[in-house]
Amino acid sequence: MTARWRTKSVEQSIADTDEPSTRLRKDLTWWDLTVFGVSVVIGAGIFTITASTAGNLTGPAISISFLIAAVACGLAALCYAEFASTVPVAGSAYTFSYATFGEFTAWIIGWDLILEFAVAAAVVAKGWSSYIGTVFGFGGGTVELGGGVTLDWGALLIIACVTLLLARGTKLSAMFSLVITVIKVVVVLLVVVVGSFYIKAANYTPFLPPAEAGEGGSGAEQSLFSLLTGAEGSHYGWYGLLAGASIVFFAFIGFDIVATTAEETKNPQRDVPRGILGSLAIVTVLYVAVAVVLSGMVSYTVLRDAGNDANLATAFRENGLDWAATVISIGALAGLTTVVVVLMLGQTRVLFAMSRDGLMPRRLAKTGTHGTPVRITVIVGLLVAVAASVFPMDKLGEMVNIGTLFAFALVSAGVIVLRRTRPDLPRGFRTPWVPWLPIAAIVACVWLMLNLTGLTWMRFFIWMAIGVVVYLLYGRRHSAFARKDGTDVSAAV
């Protein structure tokens, strides 16, 4: 069997979790998983992206955009829930793909997740650094090294702390995330409760502003949809509403990380689906509530005039609530902290699964006294720290989005495949309306991907091409599963 098609059975994947040297400790409950999900999803997005999208694209209809994005995420979440309850093994989409599409596809999605989590953690860490300057009244956590090179010491600080926390144990990370998550959820509820007293009905009119011709990017800076169809972009109207959904979708990114902790969950068949669906339900309610309040507090034209600097604090300052704007900044700082924690947790667990399978150096998968992959945690911490503290990350943010959507689509397709190839498997949770619901999830993900720029697609293909080369030179020849199975590792992909 060639590397492309050799699949690792669900039974073998589960059996590998019992190897003493690479065993993860099972400490987590459904409540811990829900906290992780809420921790990573409620980040800077709810504090910033809501206002800028309402001002630039949707107007008061921003709440509808959130609902559309939530439906797309919900479809993918139902597919993740079935996979995670059926294959409760670290690695999320990587592990699921190994059991359905084969080793080569698993490598591709694993390589994709490395990009997603690492870049996301670096970007969020830089955001944390900028917010710490806002909260404490100085210019931000950067220092000039000379020659035009700056060191983002704020990003370096948060990543160092998170790396130490994750190395100490997943349960400790969950407890820390719970405390910080409570803080930022309280801040979000404060926004909703206090802001509701300043709602003006006139600000909801027109609910869906008439379309206006927009000055979008040109060439590769245009969305792939625009490049393929020659369509012109627009602000507001139905096109703006749908474009807004493509943008605010990224405020939901992260619930899939819950699936990466399945192997560390006490009762994964029951608790992982609860954690995934529970966290998504909570953040959807909070997002829509914030969107409704924001739209009622201030006219979308005010947010439009503020441009990309518009955020929740803008609406409160417009209503003379400067104290609330400060509280929101503190909440954003707390939110970003837990996002870095959970993104780096997801990154380490994907690399752990790939290393245990031999596609990355197997010695990296060894767990320490706290039942965590310390070596991988330290390596991830160093790589993310270098990226976040030295390199500008503004243009790489969309890479996170395309990587996530690609993973969502592949997992949704995998549910259909595994239902046909292994109908006998016990499933703690079953996705309803298969194959139609997974197909709808795939369509939704592809549509959102088409709204990303052509330049983002080019970068994505370059990263994937590098991944194929790494697999051919290393992963294919060191595959632990191929060696156990007696497969000819020299077989062509």
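Let's start with a pair of helices. Helix α14 covers residues 322–356, and helix α15 covers residues 374–390. Their axes come within 9 Å and cross at roughly 125 degrees. One caution before going on: this is a predicted model.

Why quote an angle and a distance? Two packed helices are described by the angle between their axes and the distance between those axes. Here the angle makes α14 and α15 oblique to each other. As for handedness, the crossing of α14 past α15 is right-handed.

Which residues meet there? From α14 come Met 344, Gln 347, Thr 348, Leu 351, Phe 352 and Ser 355. From α15 come Ile 376, Thr 377, Val 380 and Gly 381. Sort the contact of α14 with α15 by class and you get 5 nonpolar residues, 5 polar ones and no charged ones.

Stay on α14 for a moment. Thr 337 is also in this helix. Is Thr 337 buried or exposed? Its relative accessibility is 10%, and the cut-off for buried is under 20%. So Thr 337 counts as buried. Set aside residues up to four places away in sequence, and Thr 337 touches Trp 128, Ile 158 and Phe 176.

Now step back to the whole chain. The secondary structure comes to 19 helices and 4 strands. The chain has 493 residues, and 58% of them count as buried. Next, take the contacts between residues at least 6 apart in sequence. Of those, 82% join residues at least 24 apart.

Asp 112 gives us a case to look at. Asp 112 sits in helix α6, residues 103–136. Its relative accessible area is 0%, so Asp 112 is buried. What does Asp 112 contact, beyond its neighbours within four places in sequence? The list is Gly 403, Phe 406, Ala 407, Phe 460, Trp 463 and Met 464. Asp 112 and Met 399 are 287 residues apart along the chain, yet their C-alpha atoms are separated by 9.6 Å.

On to charged pairs. Side chains of opposite charge can pair when their charged atoms come close. How many salt bridges does the structure hold? The count is 8. I'll show you some of them.

Arg 419 pairs with Glu 82, at 2.9 Å from N to O. Arg 419 lies in helix α16, residues 397–421, while Glu 82 lies in helix α4, residues 62–86. The pair therefore ties together parts that are 337 residues apart in sequence. Both Arg 419 and Glu 82 are buried.

Asp 271 pairs with Arg 270. The closest N and O atoms of that salt bridge are 2.7 Å apart. Look at the accessibility of each partner. Asp 271 has 1% relative accessibility, so Asp 271 counts as buried. Arg 270 has a relative accessible area of 40%, so Arg 270 is partly exposed.

Then there is a network. Which residues are linked in it? Glu 11, Arg 422 and Asp 424 are joined by salt bridges. Asp 424 counts as exposed, at 54% relative accessibility.

Last topic: the backbone. Most residues other than glycine have a negative phi, and most peptide bonds are trans.

Pro 206 is in the loop between α8 (170–196) and β3 (212–213).

Item two is the bond joining Val 434 and Pro 435. This peptide bond is cis too, and omega is about 10 degrees. Pro 435 is found in the loop between α16 and α17, the latter being residues 436–450.

Where does Trp 433 lie? Trp 433 is in the loop between α16 and α17. Its phi is near 55 degrees, a positive value in a residue other than glycine. Is Trp 433 buried or exposed? With a relative accessible area of 67%, Trp 433 is exposed.

To recap where we began: α14 and α15 cross at roughly 125 degrees, and the crossing is right-handed. Thanks, that's my talk.

Methods. Residues numbered from 1 in each chain as written. Predicted model: local features only at pLDDT ≥ 70, side-chain atom pairs only at ≥ 80, totals over all residues. Heavy atoms only, no water. Axes fitted to C-alpha atoms, helices over the stretch in contact; angles between N-to-C directions. Helix = DSSP H or I, 4+ residues; strand = E, 2+ residues; numbered from the N terminus. Parallel < 35°, antiparallel > 145°, perpendicular 65-115°, else oblique. Left-handed = near helix turned anticlockwise from the far one by under 90°. Contact = heavy atoms within 4.5 Å. Nonpolar A, V, L, I, M, F, W, Y, C, P; charged D, E, K, R; others polar. Salt bridge = Lys/Arg side-chain N within 4 Å of Asp/Glu carboxyl O. Buried < 20%, exposed > 50% of the residue type's maximum accessible area, 1.4 Å probe, protein only.
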